[in-house]
Amino acid sequence: MNINILEKMNKVPGGLIIIPLLAAILINSFIPQVLNIGGPTTALFKVGSSAMMGIFLLICGTSINIRQAGLPLYKGAVLLCLKCISGALAVWLAGALFGPTGFLGISTLALIACLTSSNSSLYIALCSTYGDSSDAGAISVFCVKDGPFVTMMVLGVSGLANIPFAALLSMLIPLLIGMLWGNLDEHFKKLCTAAQPLIIIIMSFAIGANSSIKTVFTAGLSGILLGIISAVTGILFYFIYNLFLKQKTALGAALGTTAASSALTPAMVAQADPALAVYVDAATAQLATASIITMITAPILVAWFDKRLKKRGLVRSPVEDKAEENFSLSSPTAKGKK
């Protein structure tokens with residue numbers, strides 16, 4: 001008996017990400033003890049997102065041809081600059097018009113922490129279906145915006161404004177190992193290509209397993225509004241990002257996400273500037289809510305823009321590499337039938 005679960009998941013835009021993500025959120029909301037049983041179950045499905053992301057980076061590395069190393073660096077630099085510039089514009093505009101208190105219950109601290117972050121795990125997962133090896137490789141530069149560094153830099157807060165080299169290296173090491181191994185071993189590259197869908201499913205589930213429906217109600221409408229603002233910026237990033245690229249991509253819309261880890265940023269920024277401590281609790285709940293909302297909206301937006309580009313003939317169909325040098329990031333199984 002074969003019910004083709006994987007094929008059915010692929011029929012949903014971003015289905016390999018959204019379906020396990022929503023399933024994990026529901027389980028963690030209503031029967032969290034299932035995920036906290038301990039042992040391999042908890043390690044894999046509850047706290048395994050970082051490990052899965054490491055494996056995924058290694059897989060992405062196997063698809064990078066050494067002669068293409070310049071393009072991932074270029075794309076990563078453009079993505080990072082876009083996030084930094086958007087944060088700078090937002091802090092200038094919100095600060096000038098509303099001050100630290102912000103608008104509609106959203107403090108300037110929450111807004112900047114939202115706009116200067118993005119979900120790296122989700123971006124990498126989307127690369128498997130809607131991008132290529134250069135898009136995935138861009139994360140080695142783009143990951144600099146993870147954590148509070150860019151937020152504090154944009155806000156001009158002194159104290160912790162040091163470049164997180166350790167965080168950058170943690171992203172680079174598995175990518176470089178995969179790139180070296182993949183360029184030396186064709187069979188290992190094929191093995192990684194076939195394993196990719198499984199890693200995406202488990203990684204997405206582990207991300208959702210740390211979120212809850214209750215978070216939305218805690219933050220209220222202001223958290224939902226913050227998530228919508230973040231999602232809308234993805235539409236702007238899609239058009240701006242493509243201005244810098246010869247080969248168009250839908251992945252610019254993936255910048256319209258808020259990292260779950262951004263919920264930790266307000267408290268860390270407040271340690272450097274105690275005057276912002278009054279906004280920490282509300283901002284934390286709002287950012288957590290925005291991260292949940294954008295984890296759902298980003299795959300839908302990317303899938304829609306990808307379909308739009310294909311209709312206009314601006315996206316090349318991935319070629320399965322048997323004799324050529326470039327490898328597609330995902331196998332035919334991972335892509336599903338369009």
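Aromatic pairs first. This structure, a predicted model, holds 7 of them. Let me take F98 and F103. Their ring centres sit 5.2 Å apart, and the planes make an angle of 40°. Stacked needs under 30 degrees and edge-to-face needs over 60, so this pair is tilted.

How exposed are these two residues? F98 has a relative accessible area of 40%, so F98 is partly exposed. F103 comes in at 22%. Buried means under 20%, so F103 also counts as partly exposed.

Next pair: Y238 and F239. Here the centres are 4.8 Å apart. The planes stand at 75°, and the pair is edge-to-face. Now look at accessibility. Y238 is buried, at 2% relative accessible area. F239 is partly exposed, at 43%. So one partner falls under the 20% cut-off for buried, and the other lies between 20% and 50%.

Ring pairs join Y238 and F239 with W304 and F305 in a cluster.

Why two numbers per pair? Because a pair of aromatic rings is described by the distance of the centres and the angle of the planes.

On to helix α7. That is residues 120–130. How many of its residues are buried? The count is 11 of the 11, so the helix is largely enclosed by the rest of the structure. The buried set includes two tyrosines, Y123 and Y130. Also among them are S120, S121, S128 and T129. L122, I124, A125, L126 and C127 are on the list too.

Check the start of α7. A side-chain oxygen of N119 comes within 2.9 Å of the backbone nitrogen of L122. L122, remember, is one of the buried residues.

Last stop: S134. Where is it? S134 lies in helix α8, residues 133–137. Buried or exposed? S134 has a relative accessible area of 2%, so S134 is buried.

What does the S134 side chain contact? Another goes to the side chain of K75, at 2.9 Å.

Now leave out residues up to four places away in sequence. S134 then touches L71, P72 and K75.

To recap. The F98 and F103 pair is tilted. The Y238 and F239 pair is edge-to-face. Helix α7 is largely enclosed.

Note on methods: Residues are numbered from 1 along each chain as its sequence is written. This is a predicted model: local features need pLDDT of at least 70, side-chain atom pairs count only at pLDDT 80 or more; totals for chains, interfaces and linings use all residues. Side-chain values use heavy atoms; hydrogens and water are left out. Helices (H or I, at least four residues) and strands (E, at least two) are DSSP runs, numbered from the N terminus. Buried means under 20% relative accessible area, exposed over 50%, partly exposed in between (1.4 Å probe, protein chains only). A polar contact is a pair of N or O atoms within 3.5 Å; within protein, one must be able to donate a hydrogen and the other to accept it, and residues adjacent in sequence count only if both atoms are side-chain atoms. Contact means heavy atoms within 4.5 Å. Rings of Phe, Tyr and Trp (its six-membered ring) pair if their centres lie within 6.5 Å; planes under 30 degrees apart count as stacked, over 60 as edge-to-face and the rest as tilted.
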